Amino acid sequence: MNRDRTKGIDRRSFIAASLAAGAALTFEAKIALAAGPGVAEATMLNAFIRILPDNSVIIGAKNPEIGQGIKTMLPMLLADELDVSWEQVKIEQTDANEKLYGPQVAGGSTATPMNWLPARQAGAAARAMLVSAAAAQWKVDAASLTTAGGRVVDKAGGRSATYASLAKAAAAQPAPDLAKVPLKKPNEFHIIGTPKKGVDTPKIVRGEPLFGIDTRLPGLLHAAMVKCPAIGGTLASYDDSAVKSARGVVAVVPISSGQCPAGKQDAVAIVGTSWWAVQKLRDKLVVQWDIAAQQGFSTELYARQAAEALGKAPDATLFKAGDADAALAKAAKVVTGDYSYPFLAHATLEPQNCTALWHEGGTVEFWAPTQNPGNGRKDVAAMMGIAPEAITIHMTRIGGGFGRRLMNDYMVMAGQIAKAVPGRPVKLLFDRTDDMRNDYYRPGGWHRFTAGIDASGALVAFKDHFVTFGANGKAIRAADMPASEFPASVVPDTHLAQSFLTTNLTTGWLRAPTSNAMAFVYQSFMDEVAEAAGTDLPALMLRTLGAPRDLPTERPTVVFSTARARAVIERVVAFAGWTGKPSAVPGKGRGFGFYFSHRGYFAEVVDVTVTDGAVKVDKVWIAGDIGSQIINPLNAEHQAQGAAIDGLAQALVWQPVVQEAGAVQTVTFSDFPLLRMDAKPAEIAISWVKNDYPPTGLGEPTLPPVIPAVANAIRAATGKRLRSLPLQLA
Amino acid sequence: MSMVLTVNRRKRSVDADADKPLLWVLREDLDMPGTKFGCGAGLCGACTVLLDGQAVRSCQTLISEAAGKQITTIEGVTALPAGQKVVEAWTRIDVPQCGYCQAGQIMSATALLTANPKPSAEDILLGMNGNICRCATYVRIERAIREAAGLETKA
């Protein structure tokens with residue numbers, strides 16, 4: 001191994017080349033990522049590239065693939081700078097190993113900003129070592145050599161060599177300074193910016209096993225569970241005599257909260273040789289639950305408590321500037337509006353599942369469809385009292401994430417079950433009912449807005465009393481609101497305040513978390529303000545955003561650029577031909593929404609037709625700014641269209657998750673309908689606003705603005721202002 | 001009980017309870033996990049297979065109902081002329097995001113085009129509305145069907 005490091009570079013950064021068995025040349029790059037604009041936090045990238053004797057190239061894909069296309073995209077960055085052709089590249093999913101690979105999370109649209117530079121640096125450094133090897137062999141200046149298609153080319157000498165033939169010599173080259181290795185200029189990219197299909201598409205369309213639920217292992221056992229109906233309730237007692245004797249049953253395993261700090265997942269698992277058989281036996285299991293502390297919670301209770309809270313002074317101030325009440329008293333016009341949105345489930349189509357194998361000696365191996373294996377490792381280690389190093393995690397392809405699989409309850413539960421059947425792999429599979437009842441729900445919320453407009457139509461005072469869910473004076477997971485929420489960040493006299501309700505439901509992040517709710521309430525209310533000010537929302541937004549400048553956010557490394565916001569608004573206004581005038585056709589309406597989330601700036605326009613109270617979305621226009629480069633345009637279009645339709649589902653199709661007597665009552669796709677093809681807009685048009693900012697992620701930021709755009713379009717079409725989700729006329 | 005099923009033109013013996021759905025026989029007894037479990041209630045379409053060319057929800061189909069019929073699954077769909085075209089279009093257009101629903105989508109699309117080689121927009125909706133795509137890849141699903149059918153598509 002050659003691990004020479006040039007003086008002056010970050011000591012944690014290096015690239016090492018080595019010859020592996022079979023004469024494969026392996027590059028391992030470990031790169032420190034500096035915190036800075038577009039980067040979430042100081043962290044590491046660890047990448048591997050393997051060049052095989054046939055000159056094919058294997059590139060490791062380190063992040064969980066949930067359909068966002070990361071398994072294709074990250075290797076594109078490496079392959080382009082390595083200067084191989086995409087056809088030479090084979091992609092391998094790595095295991096979860098944060099010590100080796102750094103953060104391996106599918107969440108927050110963070111993979112692009114975190115990996116854009118370092119992944120390219122790793123590819124470029126490997127290329128530089130191959131070029132140096134050829135230069136030494138041919139006794140020419142490395143600067144005189146070029147590369148293409150996995151070959152080093154000496155034009156003057158009329159010769160070339162494959163990377164594979166240079167493997168041995170390259171492994172002996174000193175490693176370049178990763179921070180200084182020259183990178184391609186955008187006009188030199190041959191993979192980045194070109195449409196690339198998903199690497200697993202050929203396997204998906206052939207039905208090959210890829211997903212967690214497809215995990216197959218010799219001697220595999222299956223587990224179905226009877227779960228406490230109320231989240232947080234505990235197992236009092238159970239009688240498994242009618243179950244244990246059944247054919248094919250291997251074990252009955254209580255899973256108790258006492259051993260399960262990550263999520264109070266009391267359940268009893270039936271383990272056997274067939275999932276179909278064990279899940280049928282659940283009726284024969286007699287279980288007593290203690291849900292005394294949970295059974296008072298209900299959807300109805302929350303609504304009543306929220307109404308009470310809105311009528312009282314808020315519990316706490318979130319953000320205050322100037323004197324909102326004084327400014328409202330002087331305002332030419334005051335606008336008020338109460339908004340709300342319900343609890344929502346994730347409803348990934350692949351139900352939660354996880355396979356685990358407890359080995360003799362106290363180690364455990366997982367095959368886990370998880371968006372956050374690092375947290376899964378921590379949760380399992382804490383629950384089972386084992387060292388994190390005793391846990392091996394294989395990452396499977398994931399049948400939908402949307403944030404549900406950022407939580408790792410299924411890993412914690414599968415680990416407990418596996419320990420009861422040591423030496424035999426066991427797959428825990430939730431049925432749809434389990435999945436719907438044991439989610440980490442997008443929490444509901446209520447907002448009372450008050451805005452003041454001066455005689456010129458300027459927004460001069462702003463108040464929001466936000467009723468959300470909390471504990472100990474703080475919002476619980478995914479129930480928070482940023483103190484920098486626009487327009488509070490720019491209105492001189494502002495007061496954002498909150499009150500907290502309690503719930504037994506576990507809450508969590510749903511695609512574009514917080515933003516999916518805030519975009520709806522803030523941009524819908526801003527549409528009301530625009531109306532009161534005698535203008536339209538794009539015009540009010542441009543006026544309120546004001547001069548181009550950077551505003552701070554909660555995250556020290558992320559700013560909100562009013563210039564970038566203005567640019568997407570202006571783009572979509574031109575793109576959609578927005579005039580602000582009502583449609584001449586009865587029942588037709590057009591709405592606008594803007595939102596900044598996950599470092600992306602999106603302005604969207606929606607056209608609807610309302611017939612007999614039914615809303616049909618005709619067309620969506622999207623103007624998006626995710627920086628200088630669309631890395632994979634084929635997938636970018638797909639992600640933006642999918643996220644927009646996902647937003648329409650939240651706006652128009654999904655029904656609230658309903659809770660009674662502590663337990664969630666929403667258990668099927670009849671109770672929680674998902675959007676089907678008939679609700680697809682006829683057209684979704686996308687225009688990218690490019691600039692010099694580094695590229696950022698696209699899994700989420702398209703989603704939020706479409707929700708208020710629909711609500712505002714319904715207002716335009718019908719005159720009705722809908723202030724709660726889902727949007728329902730009559 | 002023991003019975004013989006014809007899956008993708010091959011005879012397969014299965015020993016399973018008569019009330020076991022075809023979905024679980026495929027996944028557990030025949031080691032064919034391409035057909036997916038989504039809801040177990042016939043609401044999402046992820047488990048769609050063909051029985052004598054008709055799209056059915058295999059989670060709602062008892063094996064006793066499947067016996068004596070030609071069962072086609074995603075693993076064997078390209079043996080059908082329409083299935084071959086559908087899979088080619090799906091690959092060319094790169095329809096999947098997470099990919100979990102796509103086996104069911106491809107089976108429904110194959111049944112649709114087998115019965116109706118030049119479907120109208122309404123026909124496509126009727127044929128595909130039983131299949132949920134949680135990633136909402138519907139724009140490309142529709143385009144792939146139109147391409148597989150040799151119909152004009154928008155750029």
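Analyst: In this predicted model, 42 residues of chain B are in contact with 45 residues of chain A. On the side of chain B that touches chain A, the elements that give two or more residues are helix H1 (22-29), H3, H4, helix H5 (121-128) and H6 of chain B. H6(B) gives the most, with five residues. By class, this side of chain B has 25 nonpolar, 10 polar and seven charged residues.

One of these contributors, helix H3 of chain B, covers residues 81-93. H3(B) has 13 residues and reaches 19 Å from its first C-alpha to its last, close to the 18 Å expected at 1.5 Å a residue. Its buried residues are Ala82(B), Gly83(B), Lys85(B), Val86(B), Val87(B), Ala89(B), Trp90(B) and Ile93(B). They pack against helix H4 (102-115) and helix H6 (138-148) of chain B. Just after H3(B), Asp94(B) takes a positive phi of about 60 degrees.

Within chain A, helix H1 (residues 70-82) packs with helix H3 (residues 111-138) at an angle of about 35 degrees, their axes 6 Å apart. H1(A) passes H3(A) in a right-handed crossing. Among the residues that meet here are Leu74(A), Leu77(A) and Leu78(A) from H1(A), and Trp116(A), Ala119(A) and Gly123(A) from H3(A). By class, this contact of H1(A) with H3(A) has 12 nonpolar, two polar and four charged residues.

Note on methods:
Residues are numbered from 1 along each chain as its sequence is written. Chains are lettered from A and ligands numbered from 1 in the order in which they are written. This is a predicted model: local features need pLDDT of at least 70, side-chain atom pairs count only at pLDDT 80 or more; totals for chains, interfaces and linings use all residues. Helices (H or I, at least four residues) and strands (E, at least two) are DSSP runs, numbered from the N terminus. The expected span of a helix is 1.5 Å times one less than its number of residues. A residue is buried if 20 or more other C-beta atoms lie within 10 Å of its own, exposed if 12 or fewer, and partly exposed in between; C-beta atoms are placed from the backbone. Two residues are in contact if their C-beta atoms, placed from the backbone, lie within 7 Å. Axes are lines fitted to C-alpha atoms, for helices over the stretch in contact, and angles run from 0 to 180 degrees between N-to-C directions. A crossing is left-handed if the near helix is turned anticlockwise from the far one by less than a right angle, and right-handed if clockwise. Ala, Val, Leu, Ile, Met, Phe, Trp, Tyr, Cys and Pro count as nonpolar, Asp, Glu, Lys and Arg as charged, and the others, Gly among them, as polar.
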